Structure formats: structure tokens, C-alpha cells
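Hello,

Here is the structure we talked about. Please open it first, then read my notes below.

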Amino acid sequence: MTDDKDVHPGRDETPPNYPGYLARDVRSITGEVLHLRPIRPSDAGLLVSFHSGLGADSIYRRYFSMHPVLSDAEVVHLTTVDYRDRFALIVEGEHGFVGVGRFDRIPNTSTAEVAFIVADAYQHQGIGLMLLYNLADAARPLGITTFTAETQADNRSMMGVFRASGFAVTSSMEDEVITATFPIKDTDQSTITRARRRLIAYGADEIPRADP
Ligand SMILES: CC(C)(COP(=O)(O)OP(=O)(O)OC[C@H]1O[C@@H](n2cnc3c(N)ncnc32)[C@H](O)[C@@H]1OP(=O)(O)O)[C@@H](O)C(=O)NCCC(=O)NCCS
């Protein structure tokens with residue numbers, strides 16, 4: 001890829017409306033300390049490295065096509081969001097991104113489409129569910145009430161995350177693609193699941209009040 005700074009001289013700057021208050025340390029369910037924060041345009045290089053390390057199956061499930069390399073335009077699109085109608089959270093470890101979750105509001109509605117991708121080596125460690133809860137937290141104050149997602153019918157992990165969340169998920173299937181839709185209002189079950197998730201990641205002695 002072209003050196004990002006040459007093409008977009010201002011991309012190292014943090015956008016003025018960057019919601020830095022959402023950034024914090026989190027843990028996977030194995031207890032590994034990771035960092036969660038909103039994406040910013042200067043993350044282009046990290047996103048490219050993350051994408052290049054993904055397995056073909058993960059890429060196919062996220063993009064519905066073989067897509068080993070992101071174009072420059074895609075990288076700009078994915079890292080430059082307005083934090084209102086388009087939003088992305090990343091989780092990073094010592095060596096770079098380990099997961100990305102994002103939403104794009106369906107224009108002029110209170111519904112947003114969500115998408116997730118977690119590095120192969122970090123899947124099944126609670127990162128997808130954590131991204132979902134944190135995206136919902138970011139979306140509610142923006143007037144978003146509902147998330148929707150399209151996923152392949154056999155994507156058990158993604159549907160597992162939605163169902164495990166405790167949100168009231170409804171789904172329909174067409175041509176082997178499931179559309180899952182759910183209000184992001186907390187339910188008794190989402191509150192319990194989230195508390196359990198914290199307990200697993202942190203242990204009973206140090207469970208934080210803030211959400212993982
Ligand atoms: C789908 C994806 C994002 C899930 O991320 P993840 O970090 O592995 O998800 P989690 O670890 O939070 O949860 C996944 C699993 O735990 C289960 N789970 C999570 N939290 C749970 C809980 N509290 N209670 C019960 N089950 C739970 C889910 O059912 C799911 O089951 P599995 O591990 O047997 O697959 C990841 O697998 C991925 O990146 N896949 C490729 C890209 C993709 O499919 N994107 C979706 C298109 S939008």
C-alpha cells in the first residue's frame with residue numbers, strides 16, 4: 001500500500017470529535033489484558049497488518065468473498081468514521097489489532113448494521129461478545145436502538161455471540177444468509193451475561209464495576 005502519510009497528510013491527527021473516553025483496558029476470557037478504543041484514521045497501517053494475518057475462512061465470513069488484500073480506498077473507508085453514523089471499535093494486544101467491531105447506521109433510521117472480525121488466534125475468547133456490548137454502549141447515546149447483521153447460515157460463532165448476548169434476537173434466512181435483528185436495550189439476561197463475562201475474565205477478587 002502507498003505510504004498513508006503521502007496520500008493523506010492529515011491522517012496522523014486524531015479527529016477533533018474522537019470519543020477517547022471510550023478507550024480502556026479489557027480482558028479476554030483467558031485473562032489477557034487488551035486495549036479497547038475507537039478506531040482512528042492513523043490506524044491504517046495496523047488495520048492492513050491485521051487483515052493480512054487473517055485466515056481465508058475468517059475473511060470470507062466477514063466480507064462474503066475471498067478478499068486477502070484491502071484496497072487503499074477500503075482502508076480509508078474502514079478507518080475514517082464519523083463516530084455518529086459510522087463507528088468502529090478495535091481491540092489491540094501487544095502485537096497489534098486482535099479484533100474490530102463496527103456499525104453503520106442505515107441512513108435516517110435508528111437501526112445500524114454491525115460487523116465483527118476477530119483474529120483467528122483470539123477467537124472463542126469472548127472478544128466478539130465484548131465488542132458487541134461495547135458497540136451497543138457507544139450506539140445508544142447516538143439514538144441507535146437496533147442492530148442488524150447479515151451472516152452466513154452456518155456461522156455458528158457469530159450467531160452464538162448474538163444469542164449469548166441476551167439481547168432479544170430475531171432472525172430470518174434467505175439464500176443461506178441469516179439476517180439477525182435485535183434491540184440493543186439491555187435485558188435482564190444481557191445484564192447477567194455481561195456480569196458473568198466479567199467474572200470469568202477478572203476473577204471474583206478483582207471484578208471491576210466498569211464493563212469489560
Ligand atoms: C464471529 C466472530 C466475530 C466471533 O468472535 P469471537 O471473539 O470468537 O466470539 P466470542 O468468543 O465472544 O464468542 C463466540 C463463542 O462463544 C459463545 N459465547 C460467547 N459468550 C458466551 C456466553 N457468555 N455464554 C455462552 N456462550 C457464549 C458463542 O456462542 C460462540 O461460540 P463458539 O466459541 O463455540 O463459536 C469471530 O469468530 C470471527 O471473527 N469470525 C470470522 C468473521 C465473521 O464471521 N464475522 C461475522 C460476520 S458479521
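Two residues are in contact if their C-beta atoms, placed from the backbone, lie within 7 Å. Helices (H or I, at least four residues) and strands (E, at least two) are DSSP runs, numbered from the N terminus. This is a predicted model: local features need pLDDT of at least 70, side-chain atom pairs count only at pLDDT 80 or more, and totals for chains, interfaces and linings use all residues. Residue numbers start from 1 along each chain as its sequence is written.

First, a helix pair. Ala44, Leu47 and Val48 in α2 meet Val75, Leu78 and Thr79 in α4. By class, that contact has five nonpolar, one polar and no charged residues. (Nonpolar means Ala, Val, Leu, Ile, Met, Phe, Trp, Tyr, Cys and Pro; charged means Asp, Glu, Lys and Arg; the others, Gly among them, are polar.)

Next, the ligand. A residue is near it if its C-beta atom, placed from the backbone, lies within 6 Å. Of the 26 residues around the ligand, Arg61, Gly128, Leu129, Ser157 and Gly160 come nearest. The largest share of the shell, six residues, comes from α6. By class, the shell has 10 nonpolar, 11 polar and five charged residues.

Asp104 lies in β4 (residues 96-105). Its C-alpha atom is 5.8 Å from that of Asp85, 19 residues apart along the chain. Asp104 also touches Arg86, Ala112 and Glu113, not counting residues up to four places away in sequence.

Best wishes
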